[in-house]
Amino acid sequence: RRSSERTMSAILRSRVARQVLTGTRGFASVPEVMRAAVVRETGPSSVMKVEHDYPVPKLAPGGVLVANKYSGINFIDTYHRSGLYKRELPFIGGQE
């Protein structure tokens with residue numbers, strides 16, 4: 001490799017590493033809202049509603065945001081939804 005290629009590669013690696021480590025790396029494609037199975041009150045399965053305009057969570061430093069194509073509702077979600085296990089409301093199903 002030529003010297004200029006090595007230098008440019010090192011600069012790019014260090015810039016990306018710095019952005020990742022400091023949490024300043026941004027992505028323009030993160031939407032403001034998402035679809036989510038939301039429980040706002042405890043009760044039967046009918047209290048869980050799919051909302052198409054639920055706010056996308058804000059990232060904490062060092063956090064990650066994952067886009068899921070598919071998600072499922074599991075036993076722990078049904079226990080929380082029914083009120084059997086207490087949990088702050090509202091919450092999004094698909095926690096497992």
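Tyrosine 85 has a relative accessibility of 41%, and it therefore counts as partly exposed, since that class lies between the buried limit of under 20% and the exposed limit of over 50%. This description rests on a predicted model. In that model, tyrosine 85 sits in the loop that connects helix H2 (75–82) with strand E3 (91–92).

**Overall architecture**
- The protein contains 2 helices and 3 strands.
- Read from the N terminus, these elements follow the order α-β-β-α-β.
- The protein has 96 residues, of which 18% are buried.
- The accessible surface amounts to about 8,000 Å², and carbon and sulfur atoms account for 56% of it.
- Of the contacts between residues at least 6 apart in sequence, 37% link residues at least 24 apart.

**The surface patch around tyrosine 85**
- Tyr85 belongs to a nonpolar surface patch together with Phe75, Tyr79 and Leu84.
- The accessible area of these residues together is about 450 Å².

**The buried side of helix H2**
- Asp77, His80 and Arg81 are the buried residues of H2.
- These residues lie on the same side of H2 because they span an arc of only 100° around the axis.
- As a general rule, an α-helix has 3.6 residues a turn, so residues three or four places apart point the same way.
- The cover over the buried residues of H2 includes strand E1 (33–39), strand E2 (48–55) and strand E3.

**The end of helix H2**

Note on methods: Residues numbered from 1 in each chain as written. Predicted model: local features only at pLDDT ≥ 70, side-chain atom pairs only at ≥ 80, totals over all residues. Heavy atoms only, no water. Patch = residues over 30% accessible without salt bridge, like charges linked within 9 Å, V, L, I, M, F, W, Y side chains within 5 Å. Areas by Shrake-Rupley, 256 points an atom, 1.4 Å probe, with all protein chains shown as cover. Salt bridge = Lys/Arg side-chain N within 4 Å of Asp/Glu carboxyl O. Helix = DSSP H or I, 4+ residues; strand = E, 2+ residues; numbered from the N terminus. Buried < 20%, exposed > 50% of the residue type's maximum accessible area, 1.4 Å probe, protein only. Arc of directions from axis to C-beta. Contact = heavy atoms within 4.5 Å.
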